[in-house]
Amino acid sequence: MQPTDISNPQYFHKVVDCQWACPAHTQVPRYIRMIAAGRFDDAYLLNWDSNVFPGILGRTCDRPCEPACRRGRVEENNGEKPEPVAICRLKRVAADHRSADIEQRMRERLPDRIPGAERFRVACVGAGPSALTVARDLAPLGYRVTLFEADAKGGGFMRTQVPRFRLPEAVIDEEVGYILRLGVELVGQRRIDSLKALLAEGYDAVFIGCGAPRGRDLHIPGRDEAAAKIHVGIEWLASVYFGHIKRVGKRVLVLGGGNTAMDCCRSARRLGGDEVKVIVRSGYDEMKASPWEKEDAEHEGVEILNWLNPKSFVHEGGKLTGMWFTPMHAGVDANGRRKLLPTGGPDRLIECDEVLIAVGQENAFPWIERDLGMAFDEWGMPVLDELTMQSSLPGVFFGGDAAFGPKNIIWAVEHGHQAAVSIHNLLQREDVRKRPPPLTNLVSQKMGIHEWSYDNDISPDERYVVPWAPKELTLANIHQEVELGFDLQTAWKEAQRCLNCDVQTVFTKDICIECDACVDACPMDCITFTVDGPELDLRERLTAPAQNLDQDLYVSGPVKTGRIMVKDEDVCLHCGICAERCPTGAWDMHRYLFAESHAGEGQAAAPPASPQQKVTI
Amino acid sequence: MTYLPKPKLHHPSLQRNRVGFTRRDYEGAISTMCAGCGHDSISAAIIQACWELDIQPHRVAKISGIGCSSKTPTYFLSASHGFNAVHGRMPSVLTGANLANRELLYLGVSGDGDSASIGIGQFVHAIRRGVDMVYIVENNGVYGLTKGQFSATADQGSKSKKGAINTDSPVDMVGMALQLGASFVARSFSGDKAQLVPLLKAAMRHKGAAFLDVLSPCVTFNNHEGSTKSYDYVREHNHALCRMDFIPHHAEITAEYAPGEVHEVTQHDGSVLRLHKLPESHDSADRVGAMNYLHACQARGEIVTGLLYVDPDAGDLHAHLDTTPAAFNTLGEAELCPGTAALEAINAGLR
């Protein structure tokens with residue numbers, strides 16, 4: 001194999017599984033260490049820099065980092081239920097314990113203004129997470145950003161659709177407030193109904209982050225006749241938020257298997273729904289909802305019924321009484337494709353008083369005049385450059401659910417970052433496609449013979465559970481937050497489960513004496529010295545077979561005997577025992593810093609010495 | 001050394017052997033040896049060998065003397081019996097233990113100081129008597145615990161870390177073991193587990209006195225230019241006799257070889273040592289040939305490693321003395337103290 005090029009910034013970036021999986025590339029292990037050290041402000045600000053809404057995301061993130069977390073793989077077959085580090089809930093700890101003057105500290109770390117930037121005006125359609133991120137990135141540089149929002153307050157979907165028992169409004173107010181107070185103008189209660197008119201107002205760039213506002217309906221028999229008790233999920237959730245809806249029938253059916261369905265059923269449980277069932281066409285495991293959301297719903301007494309396809313609504317004199325469903329199974333259609341097919345068994349009647357339809361969301365751009373010349377694809381979605389978020393109109397950018405259909409908050413944030421870079425480039429007459437290079441750094445963490453700047457003692461603990469408010473309380477009051485967040489002692493223990501995957505094992509082949517100490521000492525059998533060969537052959541010949549092909553092999557050039565060192569990155573604990581046992585220092589533990597650059601950053605040859613740079617581990 | 005205990009977490013694919021243990025179950029406390037010490041590799045090889053042989057850890061006794069090497073039993077087989085004897089006295093303690101209970105596997109772990117200096121008399125007699133054991137000398141040529149003076153196995157002309165040249169002749173423990181009648185004699189190198197592990201397994205399954213001299217570089221005091229026991233020197237001068245596979249008695253022998261290509265030796269317990277012949281390799285059943293071969297290599301400046309001699313049908317001390325096969329701890333008072341009448345009978349027989 002070719003020796004691994006560790007000077008390629010992507011190599012070690014990929015080893016930090018959580019950061020690699022995070023769309024915004026949040027420096028997860030680093031902020032977890034900060035939490036363990038009680039540096040909540042630093043942890044909060046490190047998050048804020050990448051993901052803009054630590055308090056919100058610490059409660060509602062889709063957490064792509066957690067399925068990626070190495071801890072889950074490491075715990076496999078080790079006796080316990082393998083579980084990743086509770087990354088998302090640790091983020092909330094940073095938010096819960098940040099100091100009152102955080103906003104002051106935030107401002108100290110903002111990039112410098114760009115002379116002349118105040119000449120440029122940027123309009124954002126919508127004030128959801130993507131548009132707020134654009135504003136957060138551009139306003140400190142001096143650009144004049146205006147957010148147009150149909151509702152009175154900023155926050156978008158996070159405010160109107162995510163239920164309060166998952167995300168208290170105060171958290172949204174605070175984190176949206178930080179951005180607005182950077183000098184961003186919010187024009188509330190103004191729905192943009194013509195892009196042409198907006199462009200005519202002379203903005204230098206327009207960002208469209210209007211979400212995917214249209215909930216998909218279900219046009220099956222009885223829909224119109226029983227319409228009074230049938231609602232589209234996201235509209236119903238918004239009505240609950242605005243207080244238009246305060247009650248729901250006793251027996252509620254929620255159609256759909258995504259996270260919106262989970263929010264609907266849990267909200268219904270709090271508004272008088274005693275018997276709430278979620279009905280899903282597919283199987284339990286294929287549901288789009290995150291596993292923890294399903295668990296939470298079931299914990300609250302919601303029943304999930306799978307393999308049932310809605311057939312018709314049953315009504316008596318305009319009053320909804322139930323629904324017919326056709327039993328389904330996973331089959332193969334005439335073209336050999338996997339498809340949901342009826343089992344042929346008898347249809348099933350389920351009685352109910354109210355139905356919430358949460359079968360998906362659609363994008364809708366009726367307000368974008370097609371004669372503006374903006375290119376749309378066959379599904380009515382704007383044609384975008386995925387790197388820059390730029391549409392075919394050079395001054396118009398998209399992000400969040402408006403860009404590629406419904407995703408999640410953390411993706412919206414990353415779209416916002418990228419769109420902000422593009423807008424900055426456009427206004428500075430740079431190539432829009434140019435991306436600022438990330439800030440990277442690789443530094444030894446050795447402080448003594450067997451002393452490291454990080455805590456390399458691996459905690460054997462199983463994942464800690466976030467405490468909940470009592471069910472009697474949460475089901476009685478829709479505003480009562482369910483999760484209470486970790487207390488500091490538990491947070492510290494959970495933080496100790498992190499494997500510090502950003503502290504890399506770095507091998508220097510020229511000083512290796514091949515004593516085998518690292519091979520013998522490695523608790524995970526990650527290291528092998530062997531004769532070179534093709535990758536797939538090597539993977540079978542290692543001390544322990546390297547069967548996870550998503551994880552790289554770290555391969556050295558030939559050592560003295562002509563063999564090569566091969567390290568399987570897959571289940572490395574980053575415990576540093578290889579480096580402690582190495583007599584020559586051929587193994588050393590280096591902390592790898594990878595910070596994605598946002599608008600106006602990463603341009604200088606040497607990184608500026610801002611306070612954030614002084615923050616180390 | 002490292003202060004942290006090795007994390008209990010292990011590779012997800014870690015296998016269990018026929019007696020239900022993983023390799024990690026054969027480990028001991030975290031090593032306090034210098035980082036890179038050859039002894040740690042030998043410990044790892046013993047762990048591997050015991051796991052592969054499906055040995056029940058509680059059926060092993062590790063007995064050692066004094067020195068770096070003799071500390072190592074703490075770092076493997078923590079579920080086995082152990083005894084740290086007085087300096088150089090491992091062989092007599094082991095002999096006593098073996099006489100009391102022949103059912104355990106005895107690992108005598110010693111070093112060049114413990115066995116070639118203070119305990120050389122003990123070494124000589126334990127081998128001579130044919131005690132059923134695996135006698136491992138972790139040989140680094142220096143007194144590591146007292147800061148690197150030459151030991152009795154240091155080669156004449158080799159240089160100490162401080163620059164002094166050794167003027168004394170070395171004790172050749174492999175040569176002595178051959179001469180004293182050891183029925184299994186091998187030499188290996190801590191840096192070559194592919195060779196060491198099968199040798200250890202064969203020795204553990206050997207009935208009789210098995211002697212293994214394992215060159216084990218001292219990274220702190222004897223791994224420099226001018227040393228003849230450094231990683232580099234041993235690698236450059238290693239003359240490996242032949243590759244050996246160890247096939248336990250329960251395994252099916254599948255591969256077929258052309259006649260003359262391999263030589264197979266079946267041991268007492270049915271296990272097979274398969275020696276892959278080299279053109280110039282010698283006959284492992286020829287004790288005199290082994291001694292000659294050893295000395296010829298030595299004269300050429302080569303360090304011969306591998307299996308030098310094995311007598312698969314050797315007897316041991318118990319056979320020589322015709323002792324009772326039962327372990328003493330299984331005998332009752334009546335058998336252990338048969339009473340005055342029995343004593344009288346014995347005395348009468350000697351009159």
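Helices are DSSP runs of H or I with at least four residues, strands are DSSP runs of E with at least two, and both are numbered from the N terminus. Axes are lines fitted to C-alpha atoms, for helices over the stretch in contact, and angles run from 0 to 180 degrees between N-to-C directions. The model described here is predicted, so to speak of a local feature requires a pLDDT of at least 70 and side-chain atom pairs count only at pLDDT 80 or more, while totals for chains, interfaces and linings use all residues. Residues are numbered from 1 along each chain as its sequence is written, and chains are lettered from A and ligands numbered from 1 in the order in which they are written.

Helix 3 (residues 90-100) of chain B packs against helix 5 (residues 120-129) of chain B at an angle of about 35°, and the two axes are 8 Å apart. On the helix 3 side, B:Pro91, B:Ser92, B:Leu94 and B:Thr95 meet B:Gln122, B:Phe123, B:His125, B:Ala126 and B:Arg129 of helix 5 of chain B. The residues of this contact divide into 4 nonpolar, 4 polar and 1 charged. Here Ala, Val, Leu, Ile, Met, Phe, Trp, Tyr, Cys and Pro count as nonpolar, Asp, Glu, Lys and Arg as charged, and the others, Gly among them, as polar.

The two chains also meet each other. In total, 31 residues of chain A are in contact with 23 residues of chain B, contact being defined as C-beta atoms, placed from the backbone, within 7 Å. Helix 7 (70-74), helix 21 (517-521) and helix 23 (577-581) of chain A are the elements that give two or more residues to the side of chain A that touches chain B. That side holds 17 nonpolar, 5 polar and 9 charged residues.

Next comes the interior. A nonpolar core is a set of buried Ala, Val, Leu, Ile, Met, Phe, Trp, Tyr and Cys residues joined through C-beta atoms within 7 Å; a residue is buried if 20 or more other C-beta atoms, placed from the backbone, lie within 10 Å of its own, exposed if 12 or fewer, and partly exposed in between. The largest core has 218 residues, and those touching the most other members include A:Ala135, A:Phe207 and B:Leu212. Helix 18 (residues 409-427) of chain A gives the most to this core, with 11 residues. Apart from this core lies another of 39 residues, among them A:Ala261 and A:Ile357.

Strand 21 and strand 23 (residues 564-568) of chain A share 4 bridges, and A:Ile527 has A:Lys567 as its bridge partner in strand 23.

Technical notes. Two strands pair if DSSP finds at least two bridges between them. Two residues are in contact if their C-beta atoms, placed from the backbone, lie within 7 Å.
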